[in-house]
Amino acid sequence: TSGSYQDTQNGPGSAVYDSAVRTAIVAYAKQFLGNPYVYGGTSLTNGADCSGFVMSVYANFGVSLPHSSASDRSQGAAVDGLENAQPGDLICYSGHVALYIGNGQIVHASNKKTGIIVSRADYRKILAIRRIF
């Protein structure tokens, strides 16, 4: 099949499409591991803060998210509990937001000392989990 092939069976909202997008989001986000945390930043290479990181990762997939961890708590659809989270979901904390990557882990622009790292999703109290795709 050619590159312009349209899979009409597996568009947005289908499990196959969603799974492929989720995998792509996680792979894209993880390539920025080790890059710096910069307060107010949105650059995946030169530095981003938590919401800037999530915003810039999603922008690569054509989704506009606010540059605000508090506003991120109202994006997409609610997910009930970490056990129902899927890769690519936003994990929202008080004053912080991260991307769920599966297996109880998140990737996030953590702080100035660590930069962009992988952590346990439950390293602090989760306020909300939001599904964008």
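Guide: In the hairpin of β4 and β5, 2 residues lie between the strands, and Gly 95 takes a positive phi near 70°. This is a predicted model, in which local features need pLDDT of at least 70 and side-chain atom pairs count only at pLDDT 80 or more, while totals for chains, interfaces and linings use all residues. Residues are numbered from 1 along each chain as its sequence is written, and side-chain values use heavy atoms, with hydrogens and water left out.

Visitor: What makes β4 (residues 90-93) and β8 (residues 128-131) a pair?

Guide: 3 bridges join these antiparallel strands. Ile 91 stands opposite Ile 129 in β8, and the bridge partner of Cys 92 in β8 is Ala 128.

Visitor: Why are β3 (77-78) and β7 (115-120) called edge strands?

Guide: The open sheet has 6 strands in the order β3-β8-β4-β5-β6-β7, with antiparallel pairing. β3 and β7 each pair on one side only.

Visitor: Which residues show that both faces of β4 are covered?

Guide: Leu 90 and Cys 92 on one side, and Ile 91 and Tyr 93 on the other, are all buried. In a regular strand the side chains alternate between the two faces of the sheet.

Visitor: Why is the pair of Tyr 28 and Phe 32 called edge-to-face?

Guide: The structure holds 4 aromatic pairs. The centres of the rings of Tyr 28 and Phe 32 are 5.1 Å apart and their planes stand at 80°, so this pair is edge-to-face. Rings of Phe, Tyr and Trp (its six-membered ring) pair if their centres lie within 6.5 Å; planes under 30 degrees apart count as stacked, over 60 as edge-to-face and the rest as tilted.

Visitor: Are Tyr 28 and Phe 61 buried or partly exposed?

Guide: Buried means under 20% relative accessible area, exposed over 50%, and partly exposed in between (1.4 Å probe, protein chains only). Tyr 28, at 19%, is therefore buried, whereas Phe 61, at 24%, counts as partly exposed.

Terms used: Pairing = 2+ DSSP bridges. Helix = DSSP H or I, 4+ residues; strand = E, 2+ residues; numbered from the N terminus.
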